[in-house]
Every structure is written in C-alpha cells, then in structure tokens.
Amino acid sequence: MNLDNYPLLKEINSPKDLRRYLVKQLPEISNELRRFLLNCVSRSSGHLASGLGVIELTIALHYVYNTPFDQLIWDVGHQAYPHKILTGRRDRMLTIRQKDGLHPFPWREESEYDVLSTGHSSTSISAALGIAIAEQQEKTGRKVACVIGDGALTAGMAFEAMNHAGHLKPDMLVIVNDNDMSISENVGALNQHLAQILSSRTYASLREGSKKVFSNIPPVKEFLKKTEEHLKGLVTPAILFEELGFNYIGPVDGHDLESLISTLTKVRQLKGPQLLHVITQKGKGYAPAEKNPVLWHGVPKFNPSEGIIDQTANHVPTYSQIFGDWLCEVAKQDKKLVAITPAMGEGSGMKKFAELYPNQFFDVAIAEQHAVTFAAGLAINGKKPVVAIYSTFLQRAYDQVIHDIAIQNLPVLFAIDRAGIVGPDGPTHQGAFDISFLRCIPNLIIMAPSDGTECLNMLDTGYHCSGPAVVRYPRGDVNNYEPSSPQKIEIGKSKLIRQGRNIAILNFGSLLPEALKSAQMLDATVIDMRFIKPLDESAILQAAQTHSALVTLEENVIQGGAGSAVNEFILAKKLKCDMLNLGLPDKFIPQGSQAEIRDSLGLTADKLTEKIKSFIN
C-alpha cells in the first residue's frame, strides 16, 4: 500500500510519534487512519465497522495515556485494528487473520501494547481491575483503562467486575463505547457541558467536600444526593453505575477529538473507579457501513468504491443454513419449539426463523450462561428448547450444561456451530475442545455429522430425544446434501462406509471425505461413527477383532476426545489391537484458512495416509 497517500500516518510508528503532533492536527490523522483501515480491510477481509467507529477514541487514548507504560485494554478486540495500526503494525495490516500474519484480536505475544489477549467478550473490566489492584500495591504511577462495548455489558461478568471494583475502589477507567444510539443535536451541547463538569477535579473535590460538610445533616445530604442524581438522570444512565461505585462521566461524543482529549486528560487524574460513557457510530465515515453496521461488522474482500459485499447465493449450503431451515420446518408443526441464541443469531443461520417465528425466538445477548439455564426453565415447563451456540462460546456455560441441564436430564438440544477448525479468527475461536469437555457429562447424547444429510437427521433425532442432546458441526459448506424430510437415526448406531482390510478408520464428523480418500490408498475400512456418546461398541468390537489396527479421526483435540473414548473401550475389553488417534494437537491453533490449517495439522488425505503408514511400519 502506498503510504505517500497518508503523509501524517506514515510517520506514526508508535504512539510516541502520535504525541508529537498538535491537537489541531489530529482530525486529519483520524481521516487518514479511517481511509487506511478501509483500504486494508477491503483487501485482507476482517472486522471493519467496529474499527471505523473508534478511530477518534483510539487516537485520543494513545494521545493522552502514556502507552505502553499506561495500560490499555480492548474488550473482545473487534475494534482494535486502529490500535494495531498506531502501535507499530501498520505495515503488516494486510496480513491480518491470515496464516503467519497478524492476529485478528489483541494478542500479548504480538505487541507490548496488547495488554490482554482476547477474543471473547466482557473480560476487560475484570482484567483491568486486577491490573489496577496490582498497581495500587506497586505504586509505579501506571494508569489503566479499558474499552468495552454496550453489547458486551450484557454479560454478567462485566457487572461482577464492576461490583467488585466499586468495593475495592482502585484508580481505573472503564470506557463504555456505546454505538447503539446517537446524540441528537438539541441535547449534544448539554451532554458535552455536563461531561466537562463531571470530569473536572473541581467537581470531584466539591462533590466529596460537600458530602463531608453535610454528612451530619441527613436531610441536606439526602437532598444533595437526590439533586445530583436527578441532574445526571435527565440525560445519562448514571445512577446505575454510581450505585456500583463508579463516578459516571458523559455521555461524550466519541468522534469529537478535542472534547475526548480534554475529558480523558481530566479523567486520567481522578482517583477511584471512573466510567466514561462515549457515544460512537459503528461504521463511521463509510456510508455503507453506517447504514448497515451488522452486515459490515466482519467482511470478505470488497471494492471500497462500490461499497457492495458479494452476497450471491452459494449453491452449496452451509451447515448453519441447514440448521436454520430445519428450525423453520419444525416450527411449522411444533409450537413448543423455542430457539435460543446468545447473540449468535445471524451467524447460526437463524435470521429467517427469527422473522417468521418471533414469539419462538430469543436472542439473550452475550449471556451464554443465562441462555443455557433459560433453556432449562423452558424445558421444565414443557417447551422444546434448541440452544444455538458456537463451540468456543459454549465453554463459557459449562457449569450450566452440567448443573441445570444434564443433572436434571432435561430435553434440550444443543446445536453447536463452528465445531473444529474455524479459521481466520484464531485460537480464541477454534472449536477444539467441545467433545472433550462434553463427553464426560452423564445423560448427554453427542453426535457429529459427516455431511449435510447426516446433520439434518441428527438435529431431528436430537430434538426428539427425551433428554439432552448435542449436534456439533463445522463452519462452512456441507458435503452430500439433498433437501428432504429428516430420517430418525438409531441412537448409538454407526454406519459402515467402506470395507477394507487390516486397517479400520473410525471417523467422527466432517473429515469423512479425507478419510475415504486415504482409505482408497490404504485399502482400509471406513466406519462413520456418528455418535461420540454413546459409542457403537459392537462396531468397535468387530473392527478390533477383524483388523490389526484402528485409527480414530476427529476435528477436536486428541486429549479426551472421541479417540480417547475408543481407547477406553479397547482397554476395558482387553482387546489386542494397535490404536492411532488423529485429531487436533495439544496446542492452541493460530489463524489461517480452514484448508491451510488442516493441511498444516496433517488432516488431509495424503498426510493422513503418511501418518497411518508410518504408524503401521
């Protein structure tokens, strides 16, 4: 990319360089940064609208705070691209989310400016509190600030952290990036005026001083408290945060650099926990993203001048689409079906269902724990809940799956999307662990489809189970799918796909095509196991007795996975059979395309064959 088109930005290799500019020059830097971000993401793909919305906020924070000595945390990290550009990674932005390229989220190993490695929401305040308490004890003079979106505040963890911070009262700043509303012109000036007042040392000292002076006069003290709350409550949600122990400041226009810098400069000097409410527009500065920030949140490569994302219908459906279509078909017949998602509706293929059956659809926001226990309550009262959730986010509701669903043996279907290799979003988003952490839970039925037809059949089978059931399926296009009425599958029954000799490959899930190609080269038997729990023990027993080696294949970590379940059965039966488990390694898997990652991990047909031959020999 030609940096000559960005004359100010090309001189900024760190926030120290940014601070050399005058405040009056910063608006032009923000314009260059916004254009640079747009041009980068249009070529690399990635998260766009969130970053466009925090250009000015990012500049102001690095301008006022002495990063990296002062510590800045971005919640989730979708919005951290401008931060990466200003912190020495500008020239590598075209590699973001690609194999061996920049990480898609803040990542400690990548930069000293990335304080917290992240990718899941609502962790920033807890981490900032820990940093602030450590600083309180070390007394180095370091400041800490975290930026959290209004959406991430729907998670209970954020409020748990705020409640604790309000009790401990360390010096820390929480910035709420509110991009779900706008500041209308007629109240904008008043909001800015109040923000300046509420962030000033004079206000802080007057506020505390007046409380001390009138502390022994209850009626006056109560009057002052109510007056202050009423004034703020007219234009801000201050009372809630004040009750949690934070001094509320704002709202501030998140695109007014002068106001942001002035406010942040004052806030940086204040003692105790502060909450700054910043109003931004997601997609700011790029009309298509402003108009439809959801569509432009995460984007493929596109032409910025056209402002169009190619949404041409793919003739090959995805697993998510099969799930969404199945939901709609079941809802036609069964009014007891209730579909639940923790802010994964679009990605899980539920948009059509939400439009057709709004009374049977519940998006509970970023609240995975609540989603699962909410489903438990619905099931207790006779509903048929289906919880659609990504594998990586189900990790956040593990206790609820055990305590609220499995122990009570409630009929809840978990449609686990993005199981296995997800790709460009990196370690925080790979669905690598769900088989391992679910397999040990009593009462669960766990299924892994090898193609689209199997997925449809398994969803319907799981829905009609009398207890909890799980269907885990990958991101992306399916194999072998013809829309039809679903067929019930016998619980725990595998399917022989190819008869060979000496070697039997026991396949769990979507790697079946690679297993079959490898089997052709090896003249091996292939069994599509279908069920991780319960296992088809009779099929395993027969395979062990008629083959010299068994090979298990899954897109889950090997430790505790489906292969481990087969190992346990083989040992329990004292069978004499060589065992080879193939799957994901004992490491966190970085970003890259699904094909690149599978190839690098040896999960393609040729590399599977090499591994099996090496093991046999």
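I looked up the open sheet: its 5 strands run in the order E14-E16-E15-E18-E19, with mixed pairing. Strands here are DSSP runs of E with at least two residues, helices are runs of H or I with at least four, and both are numbered from the N terminus. Two strands pair if DSSP finds at least two bridges between them. At the edges I found E14 (495-498) and E19 (578-584), each pairing on one side only. Neighbouring strands here are turned by 25 degrees against each other on average, direction ignored.

A note on the source: this is a predicted model, where local features need pLDDT of at least 70 and side-chain atom pairs count only at pLDDT 80 or more, while totals for chains, interfaces and linings use all residues. Residues are numbered from 1 along each chain as its sequence is written, and side-chain values use heavy atoms, leaving out hydrogens and water.

Next I checked E14 and E16 (residues 525-528), which pair in the antiparallel sense over 3 bridges. Arg 498 stands opposite Val 526 in E16.

Then I turned to two helices. The axes of H14 (residues 319-333) and H20 (residues 452-463) come within 10 Å and cross at roughly 40 degrees. Axes are lines fitted to C-alpha atoms, for helices over the stretch in contact, and angles run from 0 to 180 degrees between N-to-C directions. H14 and H20 are therefore oblique to each other; under 35 degrees counts as roughly parallel, over 145 as roughly antiparallel, 65 to 115 as roughly perpendicular and the rest as oblique. The contact (heavy atoms within 4.5 Å) includes Trp 326 of H14 and Leu 459 of H20.
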